[in-house]
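Visitor: I would like a close look at one part of this chain. Please keep it brisk.

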Amino acid sequence: MLSAGIAAAYLLALTGISPAIAEPVTPPAAPTAHNNEPVFNSITTALAWTVVHPDAIPAGANQWDCVPSPAHPNPVVLLHGTWANAFNNWSLVSATLKNKGYCVFAPNYGLDRNSVLGMLPWARATGEPTDSAKQVAAFVDQVLTRTGASQVDLVGHSQGVAIGRQYMRFEGGTDPADPTRNKVARLISIAGPNAGTTLHGVENFNRTLDSMGIPPTDLYGLIFGRSILGFGAHAAFIANLNTNGQTDPGVAYTTITTRYDELLTPLETTFLTAGPDATVNRVILQDGCELDYVEHANMTYDPRVIHFIAQALDPTTDIGPAPCEFVPPVILK
């Protein structure tokens with residue numbers, strides 16, 4: 001996820017490819033209750049708050065004495081995107097799910113100040129995605145221990161989806177030999193780079209430069225952070241993530257996509273194909289609602305997206321029709 005002010009720069013950086021560089025793993029933050037944070041209805045206002053309060057946790061999240069109810073037995077773990085943090089990505093979603101009776105948790109991960117944008121005080125998810133997945137693994141274990149739950153549901157936005165899938169496949173989130181031992185029951189993918197992105201052809205241009213001995217990715221890493229280098233359609237991270245299929249047995253997946261995503265192209269890059277003993281429910285926001293012009297950055301503040309999140313978390317309950325209202329691009333909101 002990105003803010004409106006740096007969206008254009010993100011377009012140039014997202015598709016670079018570079019070798020992984022080892023980075024020490026930052027442990028998850030100590031459990032703390034956060035009950036009094038404000039709630040915002042736009043990424044722009046939430047981002048403005050985190051300029052001054054970079055360590056804020058979204059309202060309703062990380063209440064470590066929360067006991068899951070029989071109606072909602074799985075704690076929900078929210079995974080933020082690139083250059084974002086738990087607060088500015090999930091302010092509205094966290095409060096909404098808490099009000100619906102869920103135990104909600106939202107880690108910050110991927111802190112790496114070794115880039116220009118990584119030095120922004122609120123910026124997270126700028127380090128190696130593999131390291132971020134290890135941090136998420138430690139955080140989820142903490143959630144399961146503290147709540148007594150046997151499984152969590154993951155909701156990811158943008159890079160957060162890839163981090164969640166990396167955790168599930170390579171850091172113990174699922175057990176393909178015995179899916180009844182999975183720590184994750186559901187993954188909800190909001191604008192996830194599930195097959196990488198061509199970024200309107202920019203990635204192919206980058207690969208051409210690489211083949212000519214002009215590597216643009218070194219500069220990308222210094223400016224934007226190493227995390228950005230893994231999500232091109234031909235990036236090694238994405239290739240490894242999708243080896244032997246895109247899904248893990250025993251997990252229910254939902255993909256939520258907007259036709260106006262300026263970063264993930266083509267549209268199908270956000271889709272997942274179900275493998276053995278997994279299901280995928282695909283949602284395209286504009287199907288049935290042409291008024292919704294939400295793009296990549298503001299998706300977690302879109303009422304229609306929030307409806308589909310709630311429905312995916314509780315698929316057996318009829319929560320009514322999805323709202324359809326005019327939603328402008330983030331720059332106008």
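Is Gly-196 buried or exposed, and what is its relative accessible area?

Guide: Gly-196 is buried, at a relative accessible area of 1%. Buried means under 20%, exposed over 50%, and partly exposed in between, with a 1.4 Å probe and protein chains only. The model is predicted, so local features need pLDDT of at least 70 and side-chain atom pairs pLDDT 80 or more, while totals for chains, interfaces and linings use all residues. Residues are numbered from 1 along each chain as its sequence is written, and side-chain values use heavy atoms, leaving out hydrogens and water.

Gly-196 sits in the loop between strand E4 (184-190) and helix H6 (202-211). Helices (H or I, at least four residues) and strands (E, at least two) are DSSP runs, numbered from the N terminus. The C-alpha atom of Gly-196 is 6.1 Å from that of Thr-269, 73 residues apart along the chain.

Now follow E4 back to its partner. E3 and E4 pair in the parallel sense over 6 bridges; pairing takes at least two DSSP bridges. Between E3 and E4 the chain passes through helix H5 (residues 159-170), in a right-handed β-α-β crossover. Right-handed means that, with the strands pointing away from the viewer, the path from the first strand over the helix to the second runs clockwise.

E3 also pairs with strand E1 (residues 76-79), parallel, through 4 bridges. Here Leu-154 is the bridge partner of Val-77.

E3 (residues 152-157) is mostly covered, with 6 of its 6 residues buried. Side chains in a regular strand alternate between the two faces of the sheet. Val-152, Leu-154 and Gly-156 point one way from E3, and Asp-153, Val-155 and His-157 point the other way.
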